[in-house]
Each structure stands twice: as C-alpha cells, then as structure tokens.
Amino acid sequence: MENLSINDPPPAPAKKFVKRDTLLENEVAVQKQWEEAHVFEANAEDSSRPSFMVTFPYPYMNGRLHLGHAFSLTKAIFRAQYERHKGSNVLFPFSFHCTGMPIQAAANKLRKEIEEFGCPPKFPEEDPEVMKVMVKEAEDKAKAKAKKSADKSKGSKAKLVAKGYTGIVRQWTILTKMVPVEEIPSFVDPEMWLKYFPPHGLTDLKRFGSGIDWRRSFITTSTNEFYDKFIRWQFETLREKGKVKFGKRNNIWSLTDGQVCADHDRSEGEGVGPQEYTIIKLEVLEFPGALAPLADKAGKVFLAPATLRPETMYGQTNCFALPEGKYGAYEHLNGDVFIISERAARGFACQGYTEEFGKTKCLMEVKGMVLMEP
C-alpha cells in the first residue's frame, strides 16, 4: 500500500473480445454443419444441374500456408460460391505441391547445419561480436554495390537492406516459426515435409471456409501412386504422339542431387541460366618446366581459355594466365588434355567429355605463375 500514490493513473480496463470470440465460435459451428451436410461435395451423377469447376495452383509444401495464399484463394472461393448460389453443381478440388527440388534442398541445408553446428545448432552469428562483423561486411558490400550502380535509387535500396541485416538465413531458424523445436531434426528427411505440412494446410483451409471437396484432395510426387501414374500416363501419351522426346539440352545441373535443377527448384539463384562459352584450343608444342610431365601424353595438350566474344579471336596475339590462379591438366575422353580451372573441368564433365558423367580426371595441378615459367 505504501507504494500507491494518488497521482498514479487508474488501471486500464481489461480488454473484452466478446464479439470476436462469438464470431469465431459461430464460424466453427457453421463449418461443422457444412461438413456434416457434405455441402461442398460434388458428384458426377448429379446431371440435373449445370456443372462448374474451380481450380487453384497447387501451393508448395516447404512450409505453412500464408496470407498470400489466402488472398489469392479468395477469388476461387468467391466464384465457386457464386456459382453454387446460381444452382450449379460446383467441383472445387485441391492439391498440395511437393515435387521439385526446393524441399530436398531445404532438407539438405538443415542436415548440413546440424552436422556443422550441432543439434540444436549454435550458430556463430548468435555471438554479438560476430554479428557486428557480419553487419559491417554486409554494409560494406551494399556500399560497394551502390557505388558501382549508376542508379541512385538502387544504391539507397542496398543501404536499406544493410540496415535491416539480421544475419545468414538458416533453415533451422525458418522451421522454428512453423514447427515445434523438438521435431525439427526429423525434417532432414524430405519425406517428413510431405507428411507434416499438407495436413496443416488442409486444416487451415477448412478454418478459412474455403468450400473445397476434400474427397478430391491429394499431394504430388511418386509418394502418391495414383497421381504418379497419372503423370506417367500423360508423358507416355505425349511421347507416343511424338509431342515430346527424351534427350539432352543445356541446363543447370546439380552435382549434389544428380539431376537438372530448374529455375523454381532452387533455394537460391532463381533466374540464372546456362551460359555458353567458346573454347579456344591453343595447342602446347613445347613442354618446359611444370608442363614437362605432359610431354609423353598420347593425346594433344591444349591451353583452353574461354570467351564470350569468339569473333574477336582473329586478332589474338597472346594468352594470359592468372598468376595466383589454380589450374589443372584434365584428360578428356579422346585422350586430349585441357589445362583449365577445376570449375571449367566440371562443366566439361557434365557435357560428355569424360569417361564418367560429372567426374573429372586431373593429371596434375599447377598455379598460373608456375605455368608461365620457362
């Protein structure tokens, strides 16, 4: 009592949510009536009414549904309800998209974080001093980018990004916002994502009053045998009609996952496509110094620089080597040896130039400075 003062303001009245709570209770009650009456189930046998079908792009199941899904879905809901009020037999099926590489990439990223930082992980940016260094590096990078940019608005945007910098985006941290912490380690298995998020999506959509015929709901991927056979039937039919064929073309390839990594399959790097280079084969005729071990090779040896402007090579007078650059002598399927970087060698290995796809055969490594010595 001695701490009280006549000057203290009166305590704020407790907030009342009677109207909100009543609305929520009504929602649950009405949705239960809908489910018991099967009002959103459409049957093909009902031919007495005009038919109408609504679809919605499959939301991807690398997380919970969000407000963007809800906003887009309202358009389909409104149209379906409008047609129902007109007396139509409305079919509104729904699916959850699980194919592609983003789920696999997220599972792989989580596994690496646990292997490197423990379980639960202790990330270095949790240390305030480390975080200061990371923020400084981000600011310097943003300033350098702004300095190079001729567009001042882009430069200011980069500074704003630096000011809002919160560290490296960790898969573990993302999942803590959607999954109980004790369950996160199980998400190193991509199958777990398929089992966890679609049921939550279904529950959320029911609470949203989406009016979907849930008898006609499914997930994609080969986990769903029926959908998998449907997709196989599509491709086999198109192949029989000569509309599609199997073959190779230039694309982004994931050596980690062993398959093409299409634009929307990547956790980062969206919009990046294959870049075509022209290789200039400069045959090595003498083998001094570091090149001496290659003198007895049965195949030819080439310095193999790459260019985006092959039309300018008619005026070439010399070939530069990066003094501190790391080069290797990589043997190709025909026995020829290319002196190139490891990255370039991997590119060749994924285009049929080596005995085994994606595997390079390095005969020796050499630095650019040593390469130029007589």
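I started with F187, which is buried at a relative accessible area of 0%. Buried means under 20% relative accessible area, exposed over 50%, and partly exposed in between, with a 1.4 Å probe and protein chains only. Y196 is buried as well, at 12%.

Before going on I noted that this is a predicted model: local features need pLDDT of at least 70, side-chain atom pairs count only at pLDDT 80 or more, and totals for chains, interfaces and linings use all residues. Numbering runs from 1 along each chain as its sequence is written, and side-chain values use heavy atoms, without hydrogens and water.

**Aromatic pairs**

I looked up the pairs next and found 20 in the structure. F187 and Y196 form one that is edge-to-face, with 5.3 Å centre to centre and 80° between the planes. Rings of Phe, Tyr and Trp (its six-membered ring) pair if their centres lie within 6.5 Å; planes under 30 degrees apart are stacked, over 60 edge-to-face, the rest tilted. I then checked F218 and Y227: their ring centres are 5.2 Å apart and their planes at 25°, so this pair is stacked. F218 is partly exposed, at 26% relative accessible area. Y227 counts as buried, at 16%. Both F218 and Y227 belong to one aromatic cluster with Y58, F230 and W233.

**Sheet**

I traced an open sheet of five strands, in the order β8-β9-β12-β11-β13, with mixed pairing. Its edge strands are β8 (282-283) and β13 (362-367), each pairing on one side only. Two strands pair if DSSP finds at least two bridges between them. Inside the sheet I followed β11 (residues 326-331) and β12 (residues 337-340): they run antiparallel, joined by four bridges. G328 has I340 of β12 as its bridge partner. Helix α9 (residues 342-349) lies across β11 and β12, at about 140° to β12. Axes are lines fitted to C-alpha atoms, for helices over the stretch in contact (heavy atoms within 4.5 Å). Angles run from 0 to 180 degrees between N-to-C directions.

**Whole chain**

I counted 10 helices and 13 strands in the protein chain. These are DSSP runs numbered from the N terminus: helices are H or I, at least four residues, and strands are E, at least two. The radius of gyration is 30 Å, well over the 21 Å that the globule rule gives for 374 residues, so the chain is more spread out than a compact globule. The radius is taken over C-alpha atoms, and the rule is 2.2 Å times the number of residues to the power 0.38. The C-alpha trace spans about 90 × 80 × 45 Å along its principal axes. Buried residues make up 29% of the 374.
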